[in-house]
Amino acid sequence: MTLAIIDSGGANISSVEHALRRLGANPVFTADAEIIRAAERVILPGVGAAGAAMARLTELGLLQCIRDLKQPVLGICLGMQLLFEKSEEDNVDCLGIIPGTLKKMQPAPGLRVPHMGWNTTSVVNPDPLILGLPDSPWFYFVHSYCAPIGASTVATCDHGASFAAIVRQGNFYGAQFHPERSAKSGARLLANFLEIQ
Amino acid sequence: MSGSVSNLARRIIPCLDVRDGQVVKGVQFRNHRVMGGIIELATRYSAEGADELVFYDITASPQGRSVDSDWVSSVAEVIDIPFCVAGGIRSVEDARKVLQRGADKISINTPAVQRPELINELVEAFGSQCVVVGVDSVLQEGHWVTRQMTGIPERMQQTGHRTMDWLAEVAQRGAGEIVLNCMGSDGTRQGFDIGQLKVARELVSIPLIASGGAGSAGHFIEVFKRADVDGALAATVFHNNKVPIPALKQMLSAAGIGVRL
């Protein structure tokens, strides 16, 4: 299977690559629209700020390319956030594939932001992406902005307020956490993504 | 953490102190002994349910070099848990190399003491979540003070910082997490320095990781309950399997501490 990881400018992308190789996949890391369009699976990773990531995708001329993809696409962390309409981070317009605006998470006594560490998720809409996972799987999160719960929400997570942890809109999937660093649960999710029909 | 609004788990973090391609461990930062192979231990901890792994090239700063990046790749390839790398990272470029090799976070200690602006620069380049600051602290004449270049005993120096002042500055400069290495308890297996950690906890609201002194599962229960730390880091008791991680997590859970099982 051909698998493209979009070079969205983050520095620590190789952990995604290592995780996919452990599953037997052979990903290419690219910013070339032709290669991305031709791949059977596409991953949009992302670490950093929404404004910088959108500026980079714009500069690379990839915005419309990504919106038009018909194969399964998985956004990870910031990559998932970019699938939404807008982010309060840098007050930037995102890809607009999934309705909603990313909001800043609010710290509270005993509740630290960034939301960093392992947390449980609750499935609200079963999906092939989470096949074989327990009811409340643990995943590793690192983020300060979060996505609203809506029709596309597959699983939620609580940190102060509830937010969308896994989303799916047609062929676009998203994980707010890092499946590549989420031990067996994360490996299972990535394996499911590779097997989705 | 209240528990009702977030199930965020307390983290158990094994640390690989590496010298010359081997995992070593000293007592109060001296007399290092070889504890095992890097890949062997990394693989074991990932499989046993560790929540994060720290790789610390202890002689990088005292020898004036950056962390050995071939080892970073080799470890990143075999583990599926978050990976933090420390050792002689002095610039945004040094950090970028380590992140590109598969680290998820970088931890800085001596270079931050020598040039505190480095914290801001790293936060700006990679975000707070990526930047951990390690602080080596020791009690001296009634005050906690910090040390630098602690990886080689002959090169260890005082920094002129009072620990609590330095922690406040580190947080203010945007670090995403602090690892407080309490040198007085390091390697003694007599328990974490609860007194010092409680003071630090009151002072900083970013994640705080306790380090130094773990000798039994009870010490972990104590540090989470009494000092409200977000994670606990240890080396020897994990390397020699005196405290096996799966059993430790079962005990923490039974004691009402939220951990990932």
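Which residues lie nearest the centre of the second largest pocket? The close-up views below, taken from a predicted model, begin with that pocket.

**View 1. The second largest pocket and the residues of its lining.** Rolling a probe the size of a water molecule over the atoms shows where empty space is left. Here the second largest pocket holds about 380 Å³ of space, and the residues that lie nearest its centre are Ala183(A), Lys184(A), Gly49(B), Arg260(B) and Leu261(B), out of 20 residues that line the pocket. The elements that give two or more residues to this lining are helix H6 (183–195) of chain A and, from chain B, helix H1 (38–48) and helix H10 (245–254).

View 2. Strands of a sheet pair through backbone hydrogen bonds, either parallel or antiparallel. Between E11(B) and E12(B) the chain passes through helix H8 (residues 217–227) of chain B, making a right-handed β-α-β crossover. Along strand E12 (residues 231–234) of chain B, Gly231(B) and Leu233(B) point one way while Ala232(B) and Ala234(B) point the other way, and all of these residues are buried.

**View 3. An open sheet of 4 strands in chain A.** The strands of this sheet follow the order E6-E5-E7-E11, and their pairing is mixed. Strand E6 (92–93) and strand E11 (145–146) of chain A each have a single partner strand, so one side of each is left without a neighbour in the sheet. Strand E5 (residues 84–87) of chain A and E6(A) run antiparallel and are joined by 2 bridges, and Ser87(A) stands opposite Val92(A) there.

**View 4. Two cysteines, Cys65(A) and Cys130(B), that count as buried.** A disulfide is a covalent bond between the sulfur atoms of two cysteines. Over all chains the count of disulfides comes to 0. For Cys65(A), the closest cysteine sulfur, in Cys94(A), is 17 Å away, which is too far for a bond, and Cys65(A) itself is buried at 6% relative accessibility. Cys130(B) is likewise in no disulfide, and the nearest cysteine sulfur, that of Cys84(B), lies 8.9 Å away; Cys130(B) counts as buried, at 2% relative accessibility.

Key. Residues numbered from 1 in each chain as written. Chains lettered and ligands numbered in written order. Predicted model: local features only at pLDDT ≥ 70, side-chain atom pairs only at ≥ 80, totals over all residues. Heavy atoms only, no water. Disulfide = S-S within 2.5 Å. Buried < 20%, exposed > 50% of the residue type's maximum accessible area, 1.4 Å probe, protein only. Pairing = 2+ DSSP bridges. 1 Å grid on protein atoms, 1.4 Å probe; cavity = no way out; pocket = protein on both sides within 12 Å on 5 of 7 lines; lining within 4 Å. Points joined across faces, edges and corners; volume = space filled by probe spheres on them. Right-handed = clockwise from strand over helix to strand, strands pointing away.
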